[in-house]
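Thanks for coming. Please have the sequence and the structure open while I talk, and I will go through the places one by one.

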Amino acid sequence: MLSIKNLHAQVDDTDILKGVDLEIKPGEIHAIMGPNGSGKSTLANVLAGRDDYTVTAGEILFEGQNLADMAPEERACAGLFLAFQYPVEIPGVNNIYLLKAALNAIRKSRGEDALDAVEFMKLVRERMKLVKLNEDLLNRSVNEGFSGGEKKRNEIFQMAVLEPKLAILDETDSGLDIDALKIVAEGVNAMRSPERSMILVTHYQRLLDYIKPDHVHVLADGKIIKSGDEQLAKELEERGYEWVKQEAAAA
Amino acid sequence: MNAVVNNPVEHFQSEYARLIGELDNDPLRDERKAALERFAATGLPTKKVEAWKYTDVQPIAKRHFNTTQAAPPIDVGQVDAVRFGDLDCHELVFVNGRFNAQLSRLGDTASGISIRSLAAALADSDSGIGARLGHCLGENTHAFTELNTAFLQDGAVIEVARGVQVDKPIVLLYLDTATDTPTACHPRTFVSLGENAAATLVESFAGLDDSSENLTNQVTEIDLADNARLDHYKIVQGGGKNFHIGSINARQARDSRLESHSLALGGNLTRTDINTRLEAEGATVILNGLYMVDGKQHVDHHTRVDHLVPHTNSVETYRGVLNGNSRAVFNGKVYVHRDAQKTDAQQSNANLLLSKTAEVDTKPELEIYADDVKCSHGATVGQLDEDALFYLRSRAIDESTAGSLLTYAFASEVVAQIKLAPIRERLEHIVLDKLPQTEQIGEFV
Ligand SMILES: Nc1ncnc2c1ncn2[C@@H]1O[C@H](COP(=O)(O)OP(=O)(O)OP(=O)(O)O)[C@@H](O)[C@H]1O
Ligand SMILES: [Mg+2]
């Protein structure tokens, strides 16, 4: 599904990603952990196509297509979804209309008809339940005045409606209280399928108690320095990152 | 044809001589003469005059506008196209500044409400209008106001007696249509609301022809008695070559409230001055504005609020969207006089630049001579928000649509303040029509 080879990326002439390799197969869930500033969000943004990040070397293939040639909206249409670490507030743009426009743009690119208002609302109601999203939020401006937790739920709600092939969840668990975390995790689990892959960027092993990852990676200083299974996440929780860094430096 | 003259002062003087020759029993004879003399003393403003530093009126000075040439007939279909949908209103239609009774739909007015053309009021020797015109013009008028006084022939007089609420909005539709040679009209609107009276007035200036190089030099006077309320909408949507110079001049008595919306959405050069004097405690003015310009269009708003006494309030919110090589000027002066303690004045002006070659000059000017006041102001000039653009694009919205969506959202914050739904909806569409990918974002409205 996703194949990242030797990816190097810069922001403002500073190297942030320094040779990332990652292979993700359909249906797999990969957790990426790592210290602050190690490049996790950069990787997520590069995948989604943010243009202030420059890929200086390496390649990213998504279902065989070279992502470098594709605009963010084309990537979204191809089935990529980024749940933002910091969802953007957009005053004056209605949340539910945006979602409808997004869904219909994706459907159109696949040669499917646009959903009419009734069909769309049926889908919305169904998916809202997955993350117990407060109905009032539908008709507000995108993320405007939403609490931190509401913003994160809204991201997962969007994912549930758009049904991407690959979802990148950048710290969706940060800022959620225990109950909200469970609800969001249940929503994510409900979206799991043999065709849908996910990348979970997180600092907390706790999330991985609810959403079982197939693989866990440590990203430090722009590189994946260790990969393992969920056991690795538990070890990181106990011992921090220093030992992994030392191990990597020794190798 | 009049003799060829190069100097605009001489040109207006010779036009004046011609006009005066055509007027009988003119109740404004002395006022006109004095105004023309004041105009002749200064001439048209140059860029050396502070208030005209960024707005060059040379294109106006160069054209020798004819004052008396009649407009060609227009048909109802053209009027319908610029009407506000099915808005139920008292409507006066003007073509090139002259009232047109056939096209108008005044309807019945209840007692205590008088709405008529200025030409009719001037012709009625009992109206006393001659003595009242100019009542709301303070010291902050400019040469174009003098020209308006010297040349005015038509417009509207709206008088509402104390305690009367006008049942329907009053709409003045000023239509401009091309003439053989460029013409100028100088309409005047005079509004007077008695104590506790309330009304909504829409003054819409619409160009019917993109080829018209006509000038509309319009002046509105608003006199609000104690606790009177006026919602005023000024919409300028001139044709591509139209010139519009206008001013709104208000005097506000105790607890009166003026809500002014000024929308400049088309025309070659559009300048609107808004001057309001808060003359008694509790007087409040709300100033909302939106300008959207493209190509080589130029738009200028100069507003001035005089807080003359304690406990008066002003809230001003202007937004602008600039594309192409367009230019916008915003100058918002808040003058808090020495006695005006407890003044509450807020002002903001935000500008969105969609092209690198568009330019905006924005200047809040606070002059405060009282010490116990609450005043704030802020002016911003920026591009589309990159984070928001990326967010939308990551949600499969293409770049052009995302840009239009954000631009629309920015502009609609002003449009959303418009309480009258048919007017708000029409403006939403006018704004939308200026953006690429209108169809895609139409759903969002
Ligand atoms: N626009 C930018 N200009 C310069 N440096 C940047 C820019 N954006 C990110 N960086 C830097 O890139 C590095 C990686 O940032 P990134 O956001 O990818 O980290 P992260 O792993 O997601 O961290 P966190 O866990 O705190 O979210 C940081 O040092 C950050 O300061
Ligand atoms: Mg991050």
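Where in chain B is P169(B) placed? P169(B) is in the loop between β4 (155–160) and β5 (170–176) of chain B. Before I go on, this is a predicted model, in which local features need pLDDT of at least 70, side-chain atom pairs count only at pLDDT 80 or more, and totals for chains, interfaces and linings use all residues. Residues are numbered from 1 along each chain as its sequence is written, chains are lettered from A and ligands numbered from 1 in the order in which they are written, and side-chain values use heavy atoms, with hydrogens and water left out.

When I say helix or strand, I mean DSSP runs numbered from the N terminus: helices are H or I with at least four residues, strands are E with at least two.

Back to P169(B). Is P169(B) buried or exposed? P169(B) counts as buried because its relative accessibility is 11%. Here buried means under 20% relative accessible area, exposed means over 50%, and partly exposed is in between, with a 1.4 Å probe and protein chains only. The C-alpha atom of P169(B) is separated by 9.8 Å from that of H232(B), and the two residues are 63 apart along the chain.

H90(B) sits in strand β1, residues 90–95 of chain B. With a relative accessible area of 0%, H90(B) is buried.

N96(B) is in the loop between β1 and β2 (98–99) of chain B. The phi of N96(B) is positive, about 45°, although N96(B) is not a glycine. N96(B) has 10% relative accessibility and therefore counts as buried.

C185(B) belongs to strand β6, residues 184–185 of chain B. C185(B) is buried too, at a relative accessible area of 12%. Its C-alpha atom and that of L215(B) are separated by 6.5 Å, and the residues are 30 apart along the chain.

Now the records for chain B. UniProt, in an unreviewed entry, lists "domain: SUF system FeS cluster assembly SufBD N-terminal" for residues 15–170 of chain B. UniProt positions are given in the numbering used here, feature names are shortened, and annotations may be inferred rather than shown by experiment. That span, residues 15–170, is 34% helix and 13% strand, with its end C-alpha atoms 32 Å apart. For residues 182–410 of chain B, the UniProt annotation is "domain: SUF system FeS cluster assembly SufBD core", again from an unreviewed entry. What are the helix and strand percentages of residues 182–410 of chain B? The span is 9% helix and 59% strand, and its end C-alpha atoms lie 36 Å apart.

On to chain A. The UniProt annotation "domain: ABC transporter", from an unreviewed entry, covers residues 2–246 of chain A. Residues 2–246 are 39% helix and 29% strand, and the end C-alpha atoms lie 29 Å apart.

N6(A) is in strand β1, residues 2–11 of chain A. Its phi is near 50°, a positive value in a residue other than glycine. N6(A) counts as partly exposed because its relative accessibility is 39%.

S41(A) is in helix α1 (residues 40–48) of chain A and Q85(A) is in the loop between β6 (80–83) and β7 (90–94), so the pair, 44 residues apart, links distant parts of the chain. S41(A) counts as partly exposed at 22% relative accessibility, whereas Q85(A) counts as buried at 16%.

Last, ligand 1. Of the 14 residues around ligand 1, those that come nearest are G37(A), K40(A), S41(A), T42(A) and H203(A). A residue is near a molecule or strand if one of its heavy atoms lies within 4 Å of it. Helix α1(A) gives the most to this shell, with 3 residues.

That is the end of my list. Thank you.
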